[in-house]
Amino acid sequence: TFNANTVTLPETANQFGTVAFTAADVTLREQDATQIGDTVVTNSFSLVSGGDISQQGDLRVTGSTSLTSLEPNADITLDSSNQLAGPITLNTLGTGDVVLNNTLVATQLAESAIGGDLSVDSGADISQTGPLRVAGTTTLNTGNSPIALEFNNDFNRVAITGTGTATLNAANGIELLDSRSFGDFTITAQG
């Protein structure tokens, strides 16, 4: 566990077991897979991993979160009760999937490139600050809150569950899978 105002561990040869932080800013690079323990970051959290990214505790970040796996087909799995309040960047290579449970706050997705599937379960609205490229299936759930993904996104297949409104914009065609939205549902596809 690291307790400091700023934690900067940029060396590519870093190898840890479970890592946990209490800090204002965290920058971490790890050679192999990364497991995150209970972590509280009051500003920004940036992680570049050489393998899968998973968690053993909750992740709470007030500012931006950036998670990148450099190993082809490695996954990012954040399936605890997370509270990521700022823009979230998620990058995987090959067919790497992303699972994001952000069930305590609204979810802001920043510009991201995901080689596999993207699954987001949000405690409130899902919005974005940059375009998304998702090669696999995108699954979005907000309960009764709106979904607004209005950049020129690159989706393949999309499924939406919730009772709020849903607006999706894409620079290409979209295959819409089984979805449930009791509010307005708007899709704009250029392809």
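**Reading surface, core and rings**

Mentor: Let us begin at the surface. Leu176, Phe185 and Ile187 make a nonpolar surface patch of about 230 Å². Please bear in mind that this is a predicted model.

Trainee: Where does isoleucine 187 lie, and how is its accessibility classed?

Mentor: Isoleucine 187 belongs to strand β25, which covers residues 185–189. Its relative accessibility is 35%, so it counts as partly exposed, the class between 20% and 50%.

Trainee: Which residues are in contact with phenylalanine 45, leaving aside its neighbours within four places in sequence?

Mentor: Phenylalanine 45 is in contact with Phe21, Val26, Ile36, Leu59, Val61, Ser64, Thr65, Ser66 and Leu67.

Trainee: How is a pair of aromatic rings described?

Mentor: By the distance of the centres and the angle of the planes. The structure holds three aromatic pairs. For phenylalanine 2 and phenylalanine 16, the ring centres are 6.0 Å apart and the planes stand at 90°, so this pair is edge-to-face. Phenylalanine 2 lies in strand β1 (residues 2–3), whereas phenylalanine 16 lies in the loop between β2 (6–9) and β3 (18–19); the pair therefore ties together parts that are 14 residues apart in sequence.

Trainee: Are these two residues buried or partly exposed?

Mentor: Phenylalanine 2 is partly exposed at 27% relative accessibility, and phenylalanine 16 is partly exposed with a relative accessible area of 28%. Phenylalanine 2 also forms an aromatic pair with phenylalanine 21, and that pair is stacked, at 5.3 Å centre to centre and 15° between the planes. Because phenylalanine 2 lies in strand β1 and phenylalanine 21 in strand β4 (residues 21–30), the pair ties together parts that are 19 residues apart in sequence. Phenylalanine 21 has 1% relative accessibility and counts as buried.

Trainee: Which residues do the ring pairs link into a cluster?

Mentor: The cluster consists of Phe2, Phe16, Phe21 and Phe45.

Trainee: Is threonine 68 buried or exposed, and which residues does it touch beyond four places in sequence?

Mentor: Threonine 68 has a relative accessible area of 15%, so it is buried, being under the 20% cut-off. This residue is placed in strand β9 (residues 65–72). With residues up to four places away left out, threonine 68 touches Leu47, Val48, Ser49, Ile53 and Asn91.

Trainee: How is the backbone angle phi to be read?

Mentor: Most residues other than glycine have a negative phi. Asparagine 73 has a positive phi of about 75° although it is not a glycine. Asparagine 73 is found in the loop between β9 and β10 (76–78), and at 44% relative accessibility it counts as partly exposed.

Notes: Residues numbered from 1 in each chain as written. Predicted model: local features only at pLDDT ≥ 70, side-chain atom pairs only at ≥ 80, totals over all residues. Heavy atoms only, no water. Phe/Tyr/Trp six-rings, centres within 6.5 Å; stacked < 30°, edge-to-face > 60°. Helix = DSSP H or I, 4+ residues; strand = E, 2+ residues; numbered from the N terminus. Buried < 20%, exposed > 50% of the residue type's maximum accessible area, 1.4 Å probe, protein only. Contact = heavy atoms within 4.5 Å. Patch = residues over 30% accessible without salt bridge, like charges linked within 9 Å, V, L, I, M, F, W, Y side chains within 5 Å. Areas by Shrake-Rupley, 256 points an atom, 1.4 Å probe, with all protein chains shown as cover. Salt bridge = Lys/Arg side-chain N within 4 Å of Asp/Glu carboxyl O.
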